[in-house]
Amino acid sequence: MTALIRMDQVSYSYPVRGMVLDQVDMSLFAGEKISLEGGNGAGKTTLLNILVGLNKPKSGGVFAFGRERKVETDFIEVRAKAGFLFQDPDDQLFCPTVLEDVAFGPLNQGKSPDEARQISIEVLDCLGMAGFEDRVTHQLSGGEKRLITLASVLAMKPEVLLLDEPSNALDKAARLRLIEVLQSLPQAMIIISHESTFLDALVTRRTRLERGKVLDL
Amino acid sequence: MPQFLEHSMTSWRGQQVEHKQSIVDQFDPRARVLATVIFALTVVFSKTLWLPFLGLLMAFAFALSASLNFRRTLRRMIAMDMFIVVMVLMLPFTMSGDALFHVFGFAASKQGFIHAIGIALKANAVVLTLLSLVGTLEASTLGHTLARLKVPEKLVHLLLFTVRYLDVISREYKRMRKAMKARAFVPKNNLHTWRSFGYLVGMLLVRSLERSERIFDAMKCRGYCGKLYLFDTMQWQQRDTILLLSMASFAVFAIASGAYVA
């Protein structure tokens, strides 16, 4: 079985922070839910950014969905197939209303406005957020924002989910709800998180990013 | 920075419009924006005094039909009229003409005085109409309306992003300001104060820039390629046409009456 996404000997360094990824190998297979743990500034977010081409590796290669991805145009397809959930929901929700935000991805994929609206309403319904379509995004609570960003990613029908601290700043009820939702999703996932209770409920394999290397736990 | 100034700078409550539903809300936002534009142009180009005065009366009628909150509207009008007052005081002395009276040897001209009154009437008429017809729209609805009226996309995006992120940035500002207060910072007129406020503003800029980069990344992740799609439920009805036609006939009446001839 070939990996959905694979990193081959990837290195990345920042001018001031120095080397954060040092010849990293990592693979994600269908049906897997991998955790990515590690200290602050270890480079976890950078690793996900590299997978979807937001940062370009200094050396090494990214293979995703069957072929190597090198330049910006290669990654457009990767981003459609690998839904990326950002750490801060406010970075992701930029449209005035929930419906527009969720429909943004499908519209970019060339769906008609009616189809996009249909898909968005279905996804929202699926996450138990029906009736939120016309709510104004910045007036939502933290937990609601999180689920709406998840909806906006799922509306693109991705095969892989990359979640950057999804349970950050959520209260207990919202966290349980998120776990429930994520458990029910069939997509392979890479989840960045520090919370072991959250991870225990979800992941099939645990990894840790330490001193530039990804280690299996 | 004085408390009240700081408040007015950052007390942005998103796009919540606290206003009661009124007749004005039954009109299509596009009709309201267009009617306001026609009205404003008709009034500001007038060379007579009676037309701006008529305009002001009309503006009061709009304000009544929009059932604007009296106190809030007054506050906003006064904010603008502060500038107008300064101008009304200055203009008679800076425009040449028949001397009306003298102050410290400077002559106040009759023409300047009339001109100043004209500007005051125009400004109040236009601003009051704007507050009644456009100010009662939610900010994001206004963005959608402008997009529908074929205003350049970049400007519409700027407005929508401002609406969306003003609140986030103002919360960031308040958070940092609170952190300063929590460490016993009290603004005084000294170097430390000015330097600290400089850091505050600088940090706000840096954070906003970083956030904008993250937002752009998030948009790219969802396949953004230069186009925003807007959903709205605007429907042009007969009464919108009537509103525009009556505004247009006001303009025609103004032209026919010779209000633009000096």
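The largest cavity of this predicted model has a volume of about 50 Å³. The structure holds one cavity of 30 Å³ or more. Residues of both chains form the lining: A:Phe94, A:Cys95 and A:Pro96 from chain A, and B:Leu160, B:Phe161, B:Leu228, B:Tyr229 and B:Leu230 from chain B. By class, this lining comprises eight nonpolar residues, with no polar and no charged residues.

A:Phe94, which lines the largest cavity, also features in the contact between the two chains. The size of an interface is often given as the accessible area lost when the parts come together. For chain A and chain B the buried area is about 2,800 Å², and carbon and sulfur atoms give 58% of this value. On the side of chain A, the residues that lose the most area to chain B are A:Asp91, A:Phe94 and A:His138, which together account for 24% of what that side buries. The contact involves 31 residues from chain A and 30 residues from chain B.

Between chain A and chain B, 13 residue pairs are found in polar contact, with both residues at pLDDT 80 or more. Two or more residues of the chain A side are contributed by each of the helices H2 (72–81), H3 (89–92), H4 (98–108), H5 (113–126) and H6 (142–154) of chain A. Of these elements, H4(A) gives the most, with eight residues. The side of chain A that touches chain B divides by class into 15 nonpolar, seven polar and nine charged residues. Five salt bridges are counted between the chains. In one salt bridge, the side chain of B:Arg164 meets that of A:Asp90, with an N to O distance of 2.8 Å.

The largest share, three residues, comes from H6(B). By class, the lining of the second largest pocket contains ten nonpolar, twelve polar and nine charged residues, whereas the lining of the largest cavity has no polar and no charged residues.

Definitions and conventions:
Residues are numbered from 1 along each chain as its sequence is written. Chains are lettered from A and ligands numbered from 1 in the order in which they are written. This is a predicted model: local features need pLDDT of at least 70, side-chain atom pairs count only at pLDDT 80 or more; totals for chains, interfaces and linings use all residues. Side-chain values use heavy atoms; hydrogens and water are left out. Contact means heavy atoms within 4.5 Å. Buried area is the accessible area (1.4 Å probe) that two parts lose on being put together, summed over both. A salt bridge is a side-chain nitrogen of Lys or Arg within 4 Å of a carboxyl oxygen of Asp or Glu. A polar contact is a pair of N or O atoms within 3.5 Å; within protein, one must be able to donate a hydrogen and the other to accept it, and residues adjacent in sequence count only if both atoms are side-chain atoms. Helices (H or I, at least four residues) and strands (E, at least two) are DSSP runs, numbered from the N terminus. Ala, Val, Leu, Ile, Met, Phe, Trp, Tyr, Cys and Pro count as nonpolar, Asp, Glu, Lys and Arg as charged, and the others, Gly among them, as polar. On a 1 Å grid over the protein atoms alone, a cavity is a set of points where a 1.4 Å probe fits but cannot get out, and a pocket is an open set with protein on both sides within 12 Å along at least five of seven lines; lining residues have an atom within 4 Å of a point. Grid points are joined across faces, edges and corners, and a volume is the space filled by probe spheres set on the points.
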